[in-house]
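Walk through this protein one piece at a time. Keep the structure open and follow the residue numbers as they come up.

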Amino acid sequence: MQDKHPRLFATDKELYDLMFSAKQRITDGVLHRSTRERGVFFGSATSRGDLADYISMTIHDLQDVVDLVKDAEPGTRGERTSSLTVKMKLEASEIREVIQEYADTDGKHDKVAVPHKTSDVVIATVAYSEFDLSRTTLAQRQDKVATLDFRVEDDGVVIRFPANDKGRELVDILIENLERKKKSAVPQERVAVEDLSPEDRTRFFVNLVTKMSGFRLDTVTKLKVSSESMEIDDLDSDEDDDTGEQEAAKTAMINLVKKVALSGNDLLVSKQYKQMEEDGFFITAIKWEATQTVHPFDKVEFEALFENAQEGTGFQYRARHSRRSERTGTYPHNFKLPDDAIRKVLFSLLEQTARTALAEVRGSRPIAKGGN
């Protein structure tokens with residue numbers, strides 16, 4: 001008879017690999033605490049390898065292993081987010097029907113829930129497992145939750161979803177189900193700059209950073225530039241392998257964006273930018289810090305980029321928050337992931353600013369002769 005409750009067996013090597021590799025989540029402090037719980041105290045100079053080796057050799061029951069795997073899993077709240085607008089009037093009940101259809105068909109192996117039921121917001125969560133065979137054995141299966149946020153507006157529905165393969169797959173399936181239900185194509189609006197020149201792509205990012213309502217740009221902390229002949233690495237990459245030409249263009253662009261924010265001058269008419277534009281460089285990703293201009297005067301670290309840098313598609317973003325102390329007027333040293341209420345406000349602001357910036361850029365382009 002087949003056991004309905006499969007058991008997890010882990011070798012000491014698998015436990016060691018899991019603890020040693022998850023440095024950001026299972027820190028040295030966590031390992032020291034684990035050894036103390038086992039009645040053994042190691043000095044502060046003890047290496048991470050020795051700590052993980054000792055713990056892996058001790059006895060672990062099933063719950064111990066499950067807890068270790070859970071501790072090593074990366075969180076999903078820090079993942080980037082993307083969004084699109086369905087330009088069609090929909091009721092919340094119709095959205096729930098489409099989600100339920102997914103749960104009954106393509107998503108029958110996932111755990112689908114729609115906990116919020118209001119007239120203008122539908123929030124669906126999809127719990128799923130993701131496999132990454134490049135990781136250590138016990139961490140190859142990652143349990144994740146994708147949250148889909150449907151905000152019903154007068155002229156359509158804004159869908160916010162995780163900027164990963166699962167998030168995009170879920171949205172594509174739901175839109176296909178909706179088209180089948182409506183028996184017509186569903187018009188979609190996404191933030192994309194594939195139709196813009198290098199100059200206008202940079203103008204989009206400059207407007208995004210400098211024209212966000214209620215916020216003042218403090219500094220640009222990281223920026224990626226590219227040209228039609230170059231590929232770029234990720235904004236989060238620890239290794240900076242930019243060419244000398246890219247590095248010079250990136251440094252100059254950061255200084256110019258700051259100058260625009262401080263003086264109000266148009267970056268795109270400066271001599272420095274004109275030279276970079278002639279060389280074909282344009283901004284593809286940016287991270288910046290800004291301070292609220294009204295109470296509570298919090299600081300936020302925003303980032304925005306196009307996943308497909310050359311094509312200018314796959315717009316995604318993230319925000320971290322720093323709450324100003326009412327007592328001292330100072331800020332914490334580090335930005336943290338905001339709670340859900342603040343995150344939704346920041347994302348809505350960033351999305352609206354991106355749409356407005358894109359519309360302004362397209363509206364400012366000269367009309368070709370013979371155009372309508």
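Thr 85 counts as buried because its relative accessibility is 7%; buried means under 20% relative accessible area, exposed over 50%, and partly exposed in between, with a 1.4 Å probe and protein chains only. Thr 85 sits in strand E1. Helices (H or I, at least four residues) and strands (E, at least two) are DSSP runs, numbered from the N terminus. Leaving out residues up to four places away in sequence, Thr 85 touches Val 157, Val 158, Pro 187, Gln 188, Glu 189 and Arg 355. Contact here means heavy atoms within 4.5 Å.

The model is predicted: local features need pLDDT of at least 70, side-chain atom pairs count only at pLDDT 80 or more, and totals for chains, interfaces and linings use all residues. Residues are numbered from 1 along each chain as its sequence is written, and side-chain values use heavy atoms, with hydrogens and water left out.

Now step back to the whole protein. It has ten helices and ten strands. Of its 372 residues, 43% count as buried. Take the contacts with a separation of 6 or more: residues 24 or more positions apart account for 64% of them.

Next, look at helix H6. It covers residues 165–182, 18 residues in total. From first C-alpha to last it reaches 26 Å, close to the 26 Å expected at 1.5 Å a residue. The expected span is 1.5 Å times one less than the number of residues. At the start of H6, a side-chain oxygen of Asn 164 comes to within 3.2 Å of the backbone nitrogen of Lys 166. Just after the helix, Lys 183 takes a positive phi of about 55°.

Which residues of H6 are buried? They are Lys 166, Gly 167, Leu 170, Val 171, Ile 173, Leu 174, Ile 175, Asn 177 and Leu 178. The cover over them includes strand E1 (81–86), helix H5 (92–104) and strand E3 (121–131). Strands E4 (141–153), E5 (156–162) and E6 (188–189) are also among the covering elements.

Helix H5 is next. Its 13 residues should span 18 Å at 1.5 Å a residue, and its end C-alpha atoms are 19 Å apart, which agrees. Ala 92, Glu 94, Ile 95, Val 98, Ile 99, Tyr 102 and Ala 103 are buried in H5.

On a 1 Å grid over the protein atoms alone, a cavity is a set of points where a 1.4 Å probe fits but cannot get out; lining residues have an atom within 4 Å of a point. Grid points are joined across faces, edges and corners, and a volume is the space filled by probe spheres set on the points. The structure holds one cavity of 30 Å³ or more. The largest cavity has a volume of about 100 Å³. H5, E5 and H6 each supply at least two residues of its lining. Among the lining residues are Val 86, Ile 95, Val 98, Phe 150, Val 157, Ile 159, Leu 174 and Leu 178.Turn to Glu 153, in strand E4. Glu 153 is partly exposed, with a relative accessible area of 29%. Not counting residues up to four places away in sequence, Glu 153 touches Lys 89 and Val 158. Its side chain makes a polar contact with the side chain of Arg 151 at 3.3 Å. A polar contact is a pair of N or O atoms within 3.5 Å; within protein, one must be able to donate a hydrogen and the other to accept it, and residues adjacent in sequence count only if both atoms are side-chain atoms.

Finish with strand E9, residues 299–308. Seven of its ten residues are buried, so E9 is largely enclosed by the rest of the structure. Strand E8 (residues 282–292) pairs with E9 in the antiparallel sense over seven bridges. Two strands pair if DSSP finds at least two bridges between them. Phe 302 in E9 is the bridge partner of Trp 288. Six residues lie between E8 and E9 in their hairpin, and Phe 297 in the turn has a positive phi of about 60°. Gln 292, in strand E8, is in contact with Phe 297, and also with Gly 214, Phe 215 and Asp 298, leaving aside neighbours within four places in sequence. Gln 292 counts as buried, at 18% relative accessibility.

E9 also runs antiparallel to strand E10 (residues 313–322), joined by nine bridges. Arg 320 in E10 is the bridge partner of Glu 301. The hairpin of E9 and E10 has four residues between the strands, and Gly 312 there takes a positive phi near 75°.

Notes: 1 Å grid on protein atoms, 1.4 Å probe; cavity = no way out; pocket = protein on both sides within 12 Å on 5 of 7 lines; lining within 4 Å.
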